[in-house]
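The sequence and structure come first.

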Amino acid sequence: MATQGRGEAGAGGRRKGSTEAGSGSQLCCGLLDMSAHQQGTELDLSWISKIQVNKPAVLRRAEQIQARRPVKKEWQAAWLLKAVTCIDLTTLSGDDTASNVQRLCYKAKYPIREDLLKALNMHDKGITTAAVCVYPARVCDAVKALKAAGCDIPVASVATGFPAGQTHLKTRLEEIRLAVEDGATEIDVVINRTLVLTGQWKALYDEIRQFRKACGEAHLKTILATGELGSLTNVYKASMIAMMAGSDFIKTSTGKETVNATFPVAIVMLRAIRDFFWKTGNKVGFKPAGGIRSAKDSLVWLSLIKEELGDEWMKPELFRIGASTLLADIERQIYHHVTGRYAAYHDLPMS
């Protein structure tokens with residue numbers, strides 16, 4: 001199985017291709033081409049029953065990717081700008097208000113100070129974050145703020161009883177519909193972890209198919225909450241079920257679990273995406289979320305995507321990072337690259 005082999009997958013390829021992240025054409029961020037949906041396939045339980053993840057091999061691969069030397073200087077700046085364009089800039093707090101959502105949307109449109117982008121000759125590339133992500137009750141606020149800013153950044157909404165997913169199915173489906181009605185074009189749903197832990201794979205498939213239908217034209221990102229699934233084998237199986245059921249993205253975590261995005265889990269999910277693509281020809285996106293806070297973290301995640309899935313996945317249509325504080329550190333690192341000094345708090349007041 002794909003998760004057992006290829007411990008050296010892509011080794012050395014990242015340095016050879018490190019300049020690619022910085023090309024202006026790749027960094028342009030107008031409207032994302034997110035029109036096509038991943039339609040999924042029929043449920044294939046025979047495939048699911050054969051899955052067994054080689055945990056030691058996965059852990060070795062995770063150690064390898066974390067031991068890679070990061071890109072430096074201008075290549076690092078290019079990769080960091082690439083990371084910015086893949087961020088789902090997120091606020092999921094109990095004290096969210098219309099005003100802080102408006103501030104979030106402004107930052108999504110202007111993620112890096114313009115003078116810093118000019119110094120890098122990237123001020124005219126339309127760099128924005130990939131999306132903003134909010135609670136369903138705040139979708140209207142986000143849509144209004146982005147419209148006022150003349151910006152077409154997608155609005156993503158969490159749904160289906162986020163973060164636990166333990167509300168009635170009827171309620172979860174209605175939450176999706178209401179978020180779409182309010183203007184969300186991407187829906188981040190959470191699965192019912194009980195179905196994974198008890199091996200009810202057909203029930204999980206059927207629920208996600210209903211989520212897919214309720215989304216209508218909106219894109220479906222399925223959160224697996226991998227820290228609560230018990231094993232890497234369950235992570236692979238849940239990933240495969242979610243893709244069979246029509247998910248456009250699979251996402252590691254809600255950010256509310258004790259354990260969120262980790263590299264072993266990511267490797268298993270990425271190998272599942274690759275296996276699914278090889279078997280069906282359908283491309284599914286990947287979104288790590290939870291605990292990704294530093295610019296260095298974002299470089300490692302980009303390297304992992306490049307080595308496991310290739311350059312084609314290194315774009316916001318197929319790769320997102322769910323984060324609330326990551327952008328601030330990326331901007332600080334770019335400030336240091338341009339000026340040679342680290343920013344004081346007042347230098348980046350919107351961070």
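## Backbone geometry

T160 is buried, with a relative accessible area of 0%; buried means under 20% relative accessible area, exposed over 50% and partly exposed in between, with a 1.4 Å probe and protein chains only. Phi of T160 is positive, near 60°, although the residue is not glycine. T160 lies in the loop between β3 and α9, where helices (H or I, at least four residues) and strands (E, at least two) are DSSP runs numbered from the N terminus. That loop, between β3 (155-159) and α9 (169-181), also holds P163, and the peptide bond from F162 to P163 is cis, with omega near 0°.

N121 is another non-glycine residue with a positive phi, about 60°. N121 is found in the loop between α7 (114-119) and β2 (131-134) and is exposed, at a relative accessible area of 52%. Most residues other than glycine have a negative phi, and most peptide bonds are trans.

## Basis of the model

The model is predicted: local features need pLDDT of at least 70 and side-chain atom pairs count only at pLDDT 80 or more, while totals for chains, interfaces and linings use all residues. Residues are numbered from 1 along each chain as its sequence is written, and side-chain values use heavy atoms, with hydrogens and water left out.

## Aromatic contacts

The structure holds five aromatic pairs. Rings of Phe, Tyr and Trp (its six-membered ring) pair if their centres lie within 6.5 Å; planes under 30 degrees apart count as stacked, over 60 as edge-to-face and the rest as tilted. The pair of F286 and W301 is tilted, because the planes are at 35°, with ring centres 6.3 Å apart. F286 lies in strand β7 (residues 285-287) and W301 in helix α14 (residues 295-309), so the pair ties together parts 15 residues apart in sequence.

The charged end of K283 sits over the ring of W313, 6.0 Å from its centre; the criterion is NZ of Lys or CZ of Arg within 6 Å of the ring centre and within 35 degrees of the ring normal.
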